[in-house]
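Subject: Two-chain model, handover

Hello,

Here is the structure for your files, followed by notes on what was found in it. Please read the notes with the coordinates open.

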Amino acid sequence: MPNNTYPTSGSKELKVSADVKGLDEGRDFVAQSLSEMEAGPEATFSLTTSFLELFENLIRHGYGGESGYATIGTNVNGEAAMLTVTDVSGKFDILGYDGPDQTAMIKAGITGKMGIKTIKVLCDSVAYKREGNMNKYILKKKRG
Amino acid sequence: MALSVEVSMENGAAVLKLVGSLDASSTEYLSNAISQAAQKTGTPRIVLSMDSLEFISSAGWSLLVESSKALKEKNGDLRLSEMRETALRIFKLMGLEVCLKEYRTQIDAVKSYAE
């Protein structure tokens, strides 16, 4: 039965290098594909910003400056918009990493570890899976 | 959607209008733009106009905090204006008002340097 409330659905995928060039390409891909699939402005903003935070951490901590790649997937179906990021860096759950107290760090002018908190607030659900030699992050946001 | 910056002068402050996305791919570019604006204008009073900034990541916020701190040491500052509601939400969530001043309009931000 067709979903008349949300007529558009679909999924798209892009493989990028795990560096700032890949960040640039990935950000545009996530924003554009979610917009095209009518995820809605709030979901598009939340998942694109979360992508930036996740990917910046992946470059810095996952691959630690070494070359690598990541596969980015976007999916819109029914009431949900979803972002998946898969990489083959060492086992590391970025989403589960809690940094030091942010308030003290911000006062000192150091703003590290803010990204993970941002992801958790912007997204309705965040999940990490280790599949074989891959890290897979799944972020969801209600369409709208 | 890469970042672009337009620089203008208003009442002794350098106003940098940001368009696009401020993230790890563009922090170096903005850092250079802020330094050049401060040098060219002879004033470390910087205002960022952010209504056309679509996305900003923590790498971008970090740059703004560090730039503000560096400019304050030269008796200046970096002040934010016209943030979108989405960016403002993250700004408050992170408690960044502790170290960055934010104004609803660009005019208010420029005027604040005269106070």
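**The sheet of chain A**

In this predicted model, Val16(A) stands opposite Ala70(A), a residue of β2(A). The two strands concerned, β1(A) and β2(A) (residues 69-77), run antiparallel and are joined by eight bridges. They belong to an open sheet of five strands in chain A, paired antiparallel in the order β1-β2-β3-β5-β4. β1 (10-17) and β4 (125-131) of chain A each have a single partner strand, so they stand at the edges, and one side of each has no neighbour in the sheet. From one strand to the next, the twist averages 15°.

Helix α2(A), residues 41-62, packs on this sheet. The strands that α2(A) touches are β2, β3 (80-87) and β5 (134-142) of chain A, and its direction makes about 10° with that of β3(A).

**Chain A as a whole**

Chain A has four helices and five strands, and along the sequence they follow the pattern β-α-α-β-β-α-α-β-β. Of its 144 residues, 40% are buried. Among contacts in chain A with a separation of 6 or more, 71% are between residues 24 or more positions apart.

One backbone angle is worth a look. Glu38(A) has a phi near 60°, a positive value in a residue other than glycine. Glu38(A) lies in the loop between α1 and α2 of chain A.

**Chain B**

Chain B also holds four helices and five strands, in the pattern β-β-α-β-α-β-α-β-α. Its radius of gyration is 13 Å, close to the 13 Å that the globule rule gives for 115 residues, so chain B is as compact as a globular protein of that length. Its C-alpha atoms fill a box of roughly 30 × 25 × 25 Å along the principal axes. Buried residues account for 48% of the 115 residues of chain B. Of the contacts in chain B with a separation of 6 or more, 72% join residues 24 or more positions apart.

Asn75(B) has a positive phi, near 65°, and is a residue other than glycine. Asn75(B) sits in the loop between α2 (58-72) and β4 (77-81) of chain B. With 9 other C-beta atoms within 10 Å, Asn75(B) is exposed, because a count of 12 or fewer puts a residue in that class.

In soluble globular proteins, nonpolar side chains tend to be buried together. Here the largest nonpolar core has 69 residues, and those with the most contacts inside it are Leu34(A), Leu16(B) and Ile46(B). The element that gives the most to this core is α2(A), with eight residues.

Which residues does Leu16(B) contact, leaving aside its neighbours within four places in sequence? They are Val5(B), Val7(B), Ala33(B), Ile34(B), Ala37(B), Ile46(B), Leu48(B) and Ser49(B).

**Where the chains meet**

The contact takes 22 residues from chain A and 23 residues from chain B. On the side of chain A that touches chain B, at least two residues come from each of α1 (20-36), α2, α3 (102-107) and α4 (114-122) of chain A. The residues on that side of chain A are eight nonpolar, eight polar and six charged.

Regards

Definitions and conventions:
Residues numbered from 1 in each chain as written. Chains lettered and ligands numbered in written order. Predicted model: local features only at pLDDT ≥ 70, side-chain atom pairs only at ≥ 80, totals over all residues. Pairing = 2+ DSSP bridges. Axes fitted to C-alpha atoms, helices over the stretch in contact; angles between N-to-C directions. Contact = placed C-beta atoms within 7 Å. Core = buried A, V, L, I, M, F, W, Y, C linked by C-beta atoms within 7 Å. Buried ≥ 20, exposed ≤ 12 C-beta atoms within 10 Å, placed from the backbone. Nonpolar A, V, L, I, M, F, W, Y, C, P; charged D, E, K, R; others polar. Rg over C-alpha atoms; globule rule 2.2 N^0.38 Å.
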